[in-house]
Amino acid sequence: MARLVLEELDLWYSTTVHAVDHVSLVVEDGELCVLLGPSGCGKTSTLRMVAGFIIPTSGAIYLDDKRIEYLYPGDRNIAMVFQSYALYPNKTVRQHLAFALKKAGLSASEIEQRIQQTAEFMHMEDYLDRRPQALSSGQQQRVAVGRALIRRPKLFLMDEPLSQLDARLRVETRSNLRRLQQDLGITTVYVTHDQMEAQGLADKIVVMDRGRIQQVGSPIEIYEDPVNLFVAGFIGTPPMNFIEGELIPEDSGLCFNHPEFKLRLQPALLDKLDDGHKLDGRQAVIGIRPEYVQLAPEEEPNAIPAEVYVLEPQSNEYVVDLHMGEIPLKMRQDKRELGFKPEIGRRVWMRFRQNRMHLFDKNTGARLA
Amino acid sequence: MNSDTRETIRKVLLFILTILITLVFFLPLLWVVMSSFKTRLDLFAIPPKWIFTPTLENYIGILESDFKQQLLNSLIIAAFSTVYSVTLGSLAAYGFSRYPPKSGNFILFWILSLRMLPVIAVVVPFYLVFRALGLLDTHLALVLVYSIFNISFTIWLLKGFFDEIPLEFEEAAKLEGYSPFEVFSRVSLPLTRPGLAAAAMFCLIQSLNEFLIALALTTRVAETAPVGLAKLQTFLGTDWGRISAAATLFMIPVVFFTILIRNELIRGMSFGQLKG
């Protein structure tokens with residue numbers, strides 16, 4: 001099958017707009033790689049360079065060791081599912097499938113057979129002779145995927161293919177897409193701004209911001225070990241809590257100092273700190289995910305007082321909005337594990353699980369630990 | 001009165017109103033067609049005769065004159081001019097829409113301004129140019145002049161239609177291996193059919209109706225029907241019966257063509273809307 005390599009890909013839209021900034025990436029054979037980022041981060045531009053709709057300013061794209069960045073889109077053996085599906089209003093589903101195959105040099109009987117096969121595979125037999133207007137959004141989406149698959153391309157590109165579906169259908173289609181991709185073992189590059197979708201689908205997530213790759217990793221790595229403040233804040237719902245403060249030495253250890261509290265950093269966190277850094281007096285940001293904050297009803301050593309602002313009961317857990325002075329924080333915990341009911345206005349104490357806590361440099365955003 | 005009956009009454013009233021409006025516009029047309037079947041005596045009867053014995057003598061008379069050739073000239077010239085205008089116009093419009101040149105708006109305005117020229121201002125220059133080219137009184141001369149005016153309109157109309165076609169439609173086809181020209185001819189052009197119909201209709205009517213240039217550039221061989229019609233008004237009097245017959249014959253091709261493309265035309269006139 002196919003392996004995609006992007007090498008130092010660079011794209012300037014004009015002399016001032018640097019859309020894609022030296023992006024290098026390897027997508028292994030059969031892998032589903034998700035490009036994730038906020039709008040304008042360069043993910044779609046990157047995808048469009050792979051498809052051949054934009055020529056990169058510099059850099060190279062290899063598909064199976066063949067350089068393709070200057071090839072005409074049709075000579076790359078790539079298929080794409082567009083966000084809008086790009087279905088022709090004047091063609092039936094069957095005509096869409098046939099249109100996709102016409103240039104593949106197959107005989108009429110082969111084309112007919114391939115259409116039948118794909119229609120069965122995608123469960124589209126019942127509406128082969130309908131036009132797009134007569135299809136539901138879910139059916140349209142399947143046609144868009146079917147028309148891309150029918151050519152058996154080396155590489156599959158998807159540009160937010162689920163964004164037009166309603167929430168329920170989106171979750172269902174997501175797992176269908178993933179299954180399909182794994183069954184066919186087809187190398188896929190998938191663009192989305194929805195981090196839940198990325199977590200659910202990807203073998204490999206590429207987080208992008210302002211044209212640059214911020215981090216590449218498996219969904220778990222991205223979630224548990226974000227390399228900087230941007231990735232940490234972008235991934236996860238509810239998002240990670242951030243508290244700004246200063247690192248100061250104390251009793252041969254290190255303390256995180258904040259006007260409201262002082263937190264002694266435990267070995268679990270300190271061991272991860274890079275010794276090369278001189279950390280004394282550095283402006284730092286604590287990052288901790290809501291599930292790693294634990295609540296205690298009474299005061300405890302090294303616990304931080306806060307007030308319950310809002311209680312959001314979810315299906316199996318509480319999401320508690322806390323206010324620590326002016327700083328809003330969120331925590332979430334299983335209902336049964338919490339042990340007490342955090343009423344609004346109640347004073348509680350927060351314990352941070354420090355082996356799951358991160359320290360970021362406030363100025364550079366890079367992770368210290 | 002329940003809402004169903006009220007709705008029915010509303011529909012009936014609207015229908016009657018539509019018929020009335022249509023009649024107002026249709027009356028002159030009806031008058032011409034009726035006159036073409038009247039004898040000279042019936043034609044001038046006061047009050048006008050609504051019921052009379054039809055006669056074909058006007059038609060026989062007009063078809064024995066030069067008018068047959070003039071009508072044929074008109075049709076040939078209009079057809080060629082329409083085909084050229086729509087073909088070249090759609091290619092140019094596609095270019096402006098998908099590969100806009102740097103000074104695109106200026107060029108587009110310049111093209112449109114061709115249409116704004118008062119015809120009377122250019123008749124003499126055209127006459128001199130075609131005399132120098134030795135093309136006076138040829139079909140080619142009129143085809144060229146009409147195409148100049150019609151192409152500019154076609155470009156403007158069709159550019160709007162091409163602009164409405166999402167880029168993804170073309171990108172999908174490019175990935176499937178279609179060349180840029182195939183993308184134009186097999187994906188985008190078919191989607192502008194309503195626009196093509198409206199443009200063709202417009203070009204056809206413009207070319208058929210044009211009078212001033214035809215009068216100046218033709219004398220005998222390539223003379224068109226409007227010029228011929230005008231020449232039926234002589235010092236010896238005006239034969240309104242024959243003029244009506246000629247006008248009726250002249251209308252037939254337009255009516256026929258309109259019926260042929262009416263569905264596309266309605267969508268074209270309401271400007272695009274690929275959906276629906």
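User: Which way does α8(B) pass α9(B), in a left-handed or a right-handed crossing?
Analyst: Heads-up: this is a predicted model, so to speak with pLDDT of at least 70 for local features and 80 or more for side-chain atom pairs, while totals for chains, interfaces and linings use all residues. Residues count from 1 along each chain as written, chains are lettered from A and ligands numbered from 1 in written order, and side-chain values use heavy atoms, without hydrogens or water. Helices (H or I, at least four residues) and strands (E, at least two) are DSSP runs numbered from the N terminus. With right-handed meaning that the near helix is turned clockwise from the far one by less than a right angle, and left-handed anticlockwise, α8(B) passes α9(B) in a crossing that is right-handed.

User: At roughly what angle do the axes of α8 and α9 in chain B cross?
Analyst: Helix α8 of chain B covers residues 167–175 and helix α9 covers 180–191. Their axes (lines fitted to C-alpha atoms over the stretch in contact, with angles from 0 to 180 degrees between N-to-C directions) come within 10 Å. They cross at roughly 150°.

User: Which residues of α9(B) does α8(B) meet?
Analyst: Contact here is heavy atoms within 4.5 Å. From α8(B), the partners are B:Phe169, B:Glu170, B:Ala173 and B:Lys174. Across from them in α9(B) sit B:Val183, B:Val187, B:Ser188 and B:Leu191.

User: How much area do domain 1 and domain 2 of chain A bury between them?
Analyst: An automatic or database assignment sets the bounds, giving domain 1 as 4–234 and domain 2 as 241–361 in chain A. Their C-alpha centres lie 40 Å apart, yet 10 residues of domain 1 are in contact with 9 of domain 2. Counting accessible area (1.4 Å probe) lost on being put together, summed over both parts, with 54% on carbon and sulfur atoms, the two domains bury about 780 Å².

User: Which residues of domain 1 of chain A lose the most area to domain 2?
Analyst: Three residues together give 68% of what the domain 1 side of chain A buries. They are A:Tyr223, A:Glu224 and A:Leu229.

User: Which residues of chain A lose the most area to chain B?
Analyst: Between the chains, 24 residues of A are in contact with 20 of B. The buried area is about 1900 Å², 60% of it from carbon and sulfur atoms. Together giving 31% of what the chain A side buries, the residues are A:Tyr72, A:Phe99 and A:Lys103.
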